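I want to look up the ligand site, then the sheets.

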Amino acid sequence: MADSPHILVTEPIPQKVISFLENFGTLTVAQKGTYDTEEALIKDIPDYDALLCMLSTPVSKKVLEAGKKLKIVANFAVGYDNIDVEAAHQLGIKVANTPDVLTDACGDYAMALLLALSRKFKEADEYLRNGNFTGWEPLGFLGMELRGRTLGIIGMGRIGQAFAQRAQAFGMKIIYHNRSRVEQAIEKNLNATFIPEVRELVEQCDVLSLNCPLTDQTHHLIDENMLELLPEHALLINISRGAVIDEAALANALHSQKIAGAALDVFENEPEVHPKLLTAPNTLLLPHIASATHKTREAIGMLAAKAIAGVLEGKPDSEIPNLISP
Ligand code: DGY
């Protein structure tokens, strides 16, 4: 009898997903951090037929080449910039991600960041905890009201649209930039205006939100020059990938109050955070938790697990959820 397939899960994930995957092979669930380096993966990956990995797992060409038995890499995330997809496809290894199931969680979260930032929750909470609240003040913690303000979204995919939908309900005007213009029906529904030039969009924003994937084109897209174009009262929200922003330039812009604040869920070298961001005024720093709800994390896991199950069962690609096409 053939050996049952070996499946590596690089971090503890919801129990429902583990129980499901156990039906398809012998499972190893590693402790957090075990496979955050290429070296650790290269050493162990030859034993595995399938990999369920995190966005922090560096699935490089070298790792994939070492995976002599590897048939599929399923990312526990919608973004997959941690995986060398081209190398995987050249080696005949399938790659899957988890779109759709986290759209609402991320849309809610972007709205929560905007509300918390525009109304200075962090500063106000610290002020109170530090014993400075001596009574109601007419001029204390004045923030930005959202109705009538312009939200510029870079990356109008599912998550960008989910944020736009929520912001629209708060009376915001939506402008967006995307690789290609979205369908007219979507634009109409969101009352969103396409701006072909990123620079033009940035100049018009009261709030700039990054919802695009990290690619060669979007790496450090928001640099010193772009930050200069934002109005001084502007707020910046990033729930995409840290490297879309030049963090040193952003830290300088925040410290010199060239922009009014930022809410960052993602960082270029996670878990490290640029030291100047740690002390920047009106800046929320969150540990990459946009999709962190019980429902969504279970759904993400099940989607990734179903892709692995499909491949291990030998199903045709058309029946396997969310395979990234070559
Ligand atoms: C993802 O899944 O790529 C996101 O970063 C979740 O927050």
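This is a predicted model: local features need pLDDT of at least 70, side-chain atom pairs count only at pLDDT 80 or more; totals for chains, interfaces and linings use all residues.

Which ligand atom does a polar side-chain atom of Arg 241 lie 2.7 Å from? I looked it up: an oxygen atom of the ligand. I count a polar contact as a pair of N or O atoms within 3.5 Å; within protein, one must be able to donate a hydrogen and the other to accept it, and residues adjacent in sequence count only if both atoms are side-chain atoms.

Numbering runs from 1 along each chain as its sequence is written, and side-chain values use heavy atoms, with hydrogens and water left out.

On its own the ligand has 230 Å² of accessible area, and the protein covers 94% of that (Shrake-Rupley, 1.4 Å probe; for residues, only the protein chains shown count as cover). I listed the surrounding residues (a heavy atom within 4 Å); among them are Leu 55, Val 78, Leu 102 and Ser 291.

**Seven-stranded sheet.** I read the strand order as E8-E7-E6-E9-E10-E11-E12, an open sheet with parallel pairing. Strands are DSSP E runs of at least two residues, helices H or I runs of at least four, numbered from the N terminus; two strands pair if DSSP finds at least two bridges between them. E8 (192–194) and E12 (283–285) are at the edges with a single partner strand each, so one side of each has no neighbour in the sheet. I zoomed in on E10 (235–238) and E11 (261–264), which pair over four bridges; Leu 236 has Ala 262 in E11 as its bridge partner.

Then the helices. H5 (103–118) packs on this sheet, touching E9, E10, E11 and E12, at about 150 degrees to the direction of E10. H7 (158–169) packs on the sheet too, touching E6, E7, E9 and E10, and makes about 175 degrees with E6. Contact here is heavy atoms within 4.5 Å; angles run from 0 to 180 degrees between N-to-C directions of axes fitted to C-alpha atoms, for helices over the stretch in contact.

**Five-stranded sheet.** I found an open, parallel sheet in the order E2-E1-E3-E4-E5. E2 (26–29) and E5 (94–96) are its edge strands, each pairing on one side only. E1 (6–9) pairs with E2 over four bridges, and Val 9 stands opposite Val 29 in E2.
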